[in-house]
Amino acid sequence: MGAMSVAGVVLFALTPGVRWKALAEGGILRHWRFVLLFTAVTCALTIGLVQWLTPWRFLQLPLEAPALWVRIMALYPILSALPQELVFRALFFERYGGLFPNTRISLFVNAAVFALAHLFYANWIALSLTFFGGLAFAWAYARMRSFPLAFILHALGGQIVFTSGLGWFFYHGAVGTS
């Protein structure tokens, strides 16, 4: 992830016409209803999936390893969500968005690329959640023109996934296991 982030930042910086200050525009306060809706839907979806697939993992991380859970909650936004948003939203839409005939197609392609970047987890949960999460993050960036909103949604989504018990599907130790 580190090398990809560095390469993404360099490509973003070399993209003609990009403004770093634009990443701070768009805010999140005016989108608070969408943030609440996204949070509620994500909580309901992840709880339902955990209860269906692996009920013994429900809230496992915060209950059995609270110190690790706190570290993940604190570090995930900065070490995972932020670099991924720089690469998959800012770089993708600013550098490659013009390749697509309309925004709907670019949103779908962006979500698909984001999901495929998680293919190494080798499970349909990771692919499905990153595709649908990617649609929400792409919509926030491309339609609402808000990098901060995309970042917050990604951070919240990841924190909810790890809290609920689905984080196991995103942990490298789960690759290739059932």
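Helices are DSSP runs of H or I with at least four residues, numbered from the N terminus. The model is predicted: local features need pLDDT of at least 70, side-chain atom pairs count only at pLDDT 80 or more, and totals for chains, interfaces and linings use all residues. Residues are numbered from 1 along each chain as its sequence is written, and side-chain values use heavy atoms, without hydrogens and water.

**View A. Lining of the largest pocket.** The volume of the largest pocket is about 1,100 Å³. Among its 40 lining residues, Tyr76, Gly158, Val161, Phe162 and Phe170 are the closest to the centre. A pocket is an open set of points on a 1 Å grid over the protein atoms alone, where a 1.4 Å probe fits, with protein on both sides within 12 Å along at least five of seven lines; lining residues have an atom within 4 Å of a point. Helix α4 gives the largest share of this lining, 9 residues.

**View B. Second largest pocket.** The second largest pocket holds about 180 Å³ of space, a volume being the space filled by probe spheres set on grid points joined across faces, edges and corners. Its lining includes Phe12, Arg19, Glu94, Tyr141 and Phe147.

View C. Ser164 belongs to helix α7, residues 147–164. Ser164 counts as buried because its relative accessibility is 4%, buried being under 20% relative accessible area (1.4 Å probe, protein chains only). Leaving out residues up to four places away in sequence, Ser164 touches Thr46, Val50, Arg57, Phe58 and Leu59, where contact means heavy atoms within 4.5 Å.

Key:
Helices (H or I, at least four residues) and strands (E, at least two) are DSSP runs, numbered from the N terminus. Buried means under 20% relative accessible area, exposed over 50%, partly exposed in between (1.4 Å probe, protein chains only).
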